[in-house]
Structure formats: structure tokens, C-alpha cells
Amino acid sequence: MSDLVKEKKKIEKPKYKFKDVLVLSMLTALALTVMFLLYGMIDFYANNMYELGFSFKEAILPILEVFITGFLIVFAICFVLSFKILNIVSSCVFSFIFTVYIFNAFISKAIFVSGSYYNDGQELNEYIYLILCFVAIFTILFFISVRFSSKWKSVVIFMSILVLGMNLSALASDFFTTDIIKATPKKCEYVLTDKDMLTVSKKENVIIILFDRFDTQFFEEVIEDTPDYFDELDGFTYFDNTTSVYSRTFPAVTAMITGVDYDGSCTPNEYFDNAYSNSPFLKDLKANDYAVNLYCHRYYTYDDAVLLNGVADNVEKVSNYKIDKKLMKSTLSLWAFTRFFSRAASDLMLSYTSSGTFSKICVPQAENNSYYPNDIELNKKLKESGLSLNDNDRQFTYIYMQGCHSPYFLDENCEPSENATSLSQTKGGFGVVKNYIRELKRLGVYDDCTIVITGDHGFPESDVKNYLETNTNGVATTMLIKPKNASFKSYRKSSAPTSISNINATIIEDAGIDTDHDYGLSAFSIKESDEIKRYSLQSIYDSQKKELILDKFAIEGSATDLKSWTLVESIKTNQKWY
């Protein structure tokens with residue numbers, strides 16, 4: 001009997017003293033909030049500061065506010081708990097922390113780099129492993145907290161030192177490797193705005209409407225669902241065997257506008273400088289008295305529109321920057337937490353990509369609104385005011401739309417929908433184009449327009465593995481072109497081996513623009529029977545080496561047939577993921 005009493009005394013849990021509760025509460029709160037808030041927010045900022053656009057000096061106070069608030073909340077909750085509940089909570093917190101480390105090191109497979117994650121069928125399995133991992137660690141830690149309760153405070157101190165050490169050393173690495181304090185994200189002097197976006201020339205127009213990620217699979221999906229959907233495209237030719245020159249928005253859009261290629265040998269900003277300063281296409285447009293309106297968003301397509309000052313008519317000087325600190329704090333804190341869970345981070349990237357959240361934190365102020373693609377707003381403006389004629393004799397208009405890029409959030413009427421699909425998204429975005437075309441017809445300028453509707457790239461299945469290893473088919477980008485005074489109604493199809501690189505030559509030829517530059521072949525000069533070798537550079541991100549590779553492929557034959565693709569070379573770059 002006496003042995004049983006002794007045994008009970010051994011496992012009896014003594015009540016913590018005030019000092020013990022204080023230490024346990026403080027360390028538990030500190031470990032959790034340093035990892036998921038302080039380190040999480042600063043690390044996310046350090047690796048994305050040039051896209052976010054605000055300096056560390058502007059971010060540090062909001063970051064500290066979130067961290068301190070989070071710490072005080074967690075600390076207060078822990079501090080008022082009874083010792084039994086405090087044991088459970090602290091066990092739970094550290095189990096969660098260690099589960100995250102194990103999950104990211106050994107289990108998680110989703111790598112988000114392009115605003116998408118890859119549906120490999122493992123999502124459910126990953127979350128099952130995550131739960132099992134947490135239960136296993138929690139069982140061990142909870143057993144220790146109960147069976148060796150007198151030692152639990154020492155265990156918590158040890159785990160806290162371990163967690164804080166790992167996170168603070170990683171934080172120090174950010175400061176040493178990214179120049180986070182010295183580096184100031186450049187605030188542009190000039191910006192492209194939405195000025196005169198709904199006006200066209202009374203005489204001659206060259207119009208390019210670009211959908212992000214306009215793969216032919218999206219176009220064909222619409223035809224399969226609604227065969228007559230594109231019948232309003234009078235005079236258009238649909239080139240269904242078109243290759244993109246690049247697989248990402250950067251550098252695809254800039255290369256398309258300027259006609260200057262990117263080979264990965266310089267930084268994006270250096271490329272912007274070179275491309276816009278030496279663009280033969282833009283120079284020829286201006287030399288032929290074209291007004292030039294470029295509706296493209298910053299970061300992916302230009303760094304500072306000062307390079308386009310005097311070229312693009314919708315360039316405006318930035319008067320100041322408006323920083324939304326509330327949005328900054330909510331964005332950084334949410335990212336800081338979800339970035340530890342790649343599937344959740346993938347979904348968040350999709351959401352933030354579509355809504356332009358990053359660009360809304362630090363907004364350049366000019367006379368008109370800085371341009372960011374918003375298909376819903378563009379559609380509303382078209383319906384409300386339509387297009388109008390200006391006094392320009394010749395005008396080049398380039399409109400970048402979100403188009404087919406996930407996340408799918410549009411219904412067929414270009415309204416927000418929680419049940420959106422790739423089909424409804426394509427129809428919703430293309431509905432804007434159809435409204436634009438109707439307005440051109442209403443104004444009587446449609447026939448004299450040269451119009452291109454295309455994508456910057458198609459939809460590769462992976463951004464992190466060799467193209468030939470991951471794709472089951474090739475990739476073709478939708479390209480529709482209407483020349484001036486086309487003689488046929490509806491649209492026709494051509495399987496000629498074309499490339500996005502043929503667009504500028506097609507425009508030069510069709511619009512009759514005087515030039516001394518050789519732009520190559522017009523799309524209309526290429527026959528279906530022609531054997532033309534096309535080249536496409538696919539961006540591949542090596543997450544282990546943290547290197548971006550440009551895999552250069554030669555395509556001979558059908559772009560959607562993987563057998564037509566041959567790897568020519570892999571080009572290492574010093575470029576970060578864009």
C-alpha cells in the first residue's frame with residue numbers, strides 16, 4: 001500500500017508558481033510568434049521586397065506591431081490558464097512548430113512559383129501525414145509534460161532555445177545575404193497609367209490584346225462547349241500551332257512589345273533598360289507618327305516607365321506613393337503563416353496574384369491611375385462608357401489582361417464567382433474582348449484595324465522540372481490576328497508553324513509601316529506545309545540550388561506534340577524567379 005502511495009506522489013502534478021507560469025507562457029508565446037510572425041514576415045519581405053515595392057524602413061514598424069501584438073495575445077492566453085491546460089497548450093504549440101519543420105523538410109511537395117500549384121494527387125496524403133506527424137509529436141510531448149511535470153519547464157526552455165536559435169540564425173542569414181537594410185526597392189519616377197484607355201484613333205489602329213497564359217487548350221475548351229462562341233471575330237485567323245518565345249510573363253511581354261530578346265545574361269532591370277531603349281519596333285511606331293498606349297503592369301513588364309517617357313503616351317510622372325499600412329500588415333502576417341505550408345501558400349499566391357494585392361500596398365500616385373490588369377473593371381467601364389474616338393491619325397494600343405491565368409474567379413459574364421472554372425474564366429475574359437470589338441464596329445473603325453489577340457505564353461505543367469520530363473503534351477499559345485479590311489466573316493483556322501515572334505512582322509507588313517529593320521516573317525506568309533524551326537525558352541527554377549534556368553527548345557512540327565520538342569541548351573542565369 002505504501003508503494004502505491006509513493007507511486008502516486010511521483011506522478012502528481014504540482015501547481016506552477018507564478019514565476020514558472022510567467023516563464024512557460026513567455027517562452028511558448030515567443031517561440032510561436034518569432035517563428036510565424038517576426039521571422040516569417042521579415043523573411044518573406046527579404047525574398048520579395050522588389051515586388052512589394054516598399055523599403056524595410058517602411059515595413060519594420062508594421063512588422064513589429066504585428067509581432068508584439070501577436071506575442072501579447074498568445075502570452076495573455078497562456079498566462080491565465082491553469083497548469084493542466086498550460087501543459088496541454090505548450091505541448092500543442094511546440095508540437096505544431098516541430099511538425100511544420102518536418103512537414104516542409106520531408107513531406108510537402110507543392111512548390112509555388114508561378115501562381116499555381118501542381119495537382120499531383122498527393123494533397124490529401126500530405127495533410128494526412130501532417131496530422132499524423134502532429135499527433136505523434138504531441139503524444140510524446142504531452143506524455144513528458146504529464147509524466148515528468150516537474151521537468152517540463154526545463155524541457156520548454158530547451159525547446160524554446162532550439163526554436164529561437166534556428167529562426168534567429170535564419171533571420172540573420174536574411175540580413176547578411178539580401179542587403180535588406182541597405183537595399184531600397186526602387187520607386188519609379190514614371191508609371192504607365194490608364195489614361196485614354198477607352199479611346200481609339202479615328203483612322204488607323206493597331207491593337208494587341210494579351211491574355212496571360214492563353215493556352216490553346218483554353219480556346220479549344222470554349223469551342224467544345226459553345227461552337228459558335230467566337231463567330232463575332234470577323235476576319236480573324238486562329239493560328240493553333242503557335243509557340244511562345246518564353247514561358248513566363250517576364251520577359252515575354254517586354255520582348256513582344258520591344259522586339260528585343262532576353263538571354264538571361266543580365267538582370268531584369270538591365271533587360272528593361274536595354275529593351276525599351278533600343279526597341280526597333282517602338283522606334284518605328286513613333287517614326288511613323290503612331291500614338292503609343294501601353295497598358296501593362298509594373299514589375300513584370302517594366303521597372304520605371306521613365307524609359308518610355310516620350311514613347312508611350314500614357315506615361316505619367318509619379319507625384320508620391322501611397323502606402324496602405326493596414327493592408328501591409330495583413331498581407332505580411334498572413335503570408336508569414338501560410339508560407340510554412342506550401343499548399344496553402346500556393347492558394348494564397350493564386351489569390352494575391354489575381355487581386356493584385358502586392359501592388360496595392362505601395363501605390364504610385366499620378367494624375368491617372370497606375371495600370372494593373374483588372375478584367376472586371378475594364379468590362380464595367382466598357383459597358384458604362386464604351387469606346388470613343390480621339391484625334392490621333394494612327395494609334396498603337398497594347399492591353400494586358402489577366403485572361404486565363406488561375407485562380408479562376410470569373411463567371412461567363414465577367415463577374416466574380418466562387419464556382420469559376422477555366423471555361424468560365426476564359427469566356428468571362430473574352431467577353432471583354434467581344435465588347436471591345438463591338439465598340440470598334442459601332443464606331444466604324446473595325447475594318448481599318450489590325451488586331452492581335454494572343455497570350456504571353458501557354459500553360460506548361462511544371463515550372464520546377466525539365467519540360468520533357470513533366471509535360472505529357474507540347475504547349476501552344478493562342479494567337480488570333482485580323483488584318484486590315486479582311487474579306488471573310490467569322491474566323492478561320494491555320495495550323496501554320498508560327499511563333500509569337502511573328503507578331504511584330506505581321507503588324508509592320510499589314511499596317512504598312514516604313515522601316516529599315518528586318519522583322520522576319522509575317523504570320524500570314526507562313527504556310528501550313530512549311531517546315532520552320534521555332535525556339536522557345538522555358539523558365540525552370542531549381543529550388544535546391546535556387547537557380548533559374550532557361551531551357552531552350554527547338555520545335556519542329558506541331559507545338560502540341562511533345563515529340564516535336566528538342567532541348568538545345570540549358571542556360572544558367574543570375575536571375576531570381578520572376
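This is a predicted model: local features need pLDDT of at least 70, side-chain atom pairs count only at pLDDT 80 or more; totals for chains, interfaces and linings use all residues.
I begin with two loops. Asp-289 sits in the loop that runs between α10 (280-287) and β6 (291-295). Although not a glycine, Asp-289 has a positive phi of about 65°. Asp-289 is exposed, because its relative accessible area is 63% and the cut-off for exposed is over 50%.

Arg-213 likewise is not a glycine and has a positive phi, of about 60°. Its loop is the one between β3 (204-211) and α7 (216-225). Is Arg-213 buried or exposed? With 4% relative accessibility, Arg-213 counts as buried, since buried means under 20%.

Next, a point on the backbone. Phe-250 and Pro-251 are joined by a cis peptide bond, with omega of about 10°. Pro-251 belongs to helix α8.

Helix α8, residues 249-258, also brings us to the second largest pocket, as α8 supplies at least two residues of its lining, and so do α17 (503-511) and β16 (534-542). The second largest pocket holds about 660 Å³ of space. The lining comprises 16 nonpolar, seven polar and seven charged residues.

Finally, the surface. Leu-61 is part of helix α3, residues 56-79, and counts as exposed at 54% relative accessibility.

Conventions: Residues are numbered from 1 along each chain as its sequence is written. Side-chain values use heavy atoms; hydrogens and water are left out. On a 1 Å grid over the protein atoms alone, a cavity is a set of points where a 1.4 Å probe fits but cannot get out, and a pocket is an open set with protein on both sides within 12 Å along at least five of seven lines; lining residues have an atom within 4 Å of a point. Grid points are joined across faces, edges and corners, and a volume is the space filled by probe spheres set on the points. Helices (H or I, at least four residues) and strands (E, at least two) are DSSP runs, numbered from the N terminus. Ala, Val, Leu, Ile, Met, Phe, Trp, Tyr, Cys and Pro count as nonpolar, Asp, Glu, Lys and Arg as charged, and the others, Gly among them, as polar. Buried means under 20% relative accessible area, exposed over 50%, partly exposed in between (1.4 Å probe, protein chains only).
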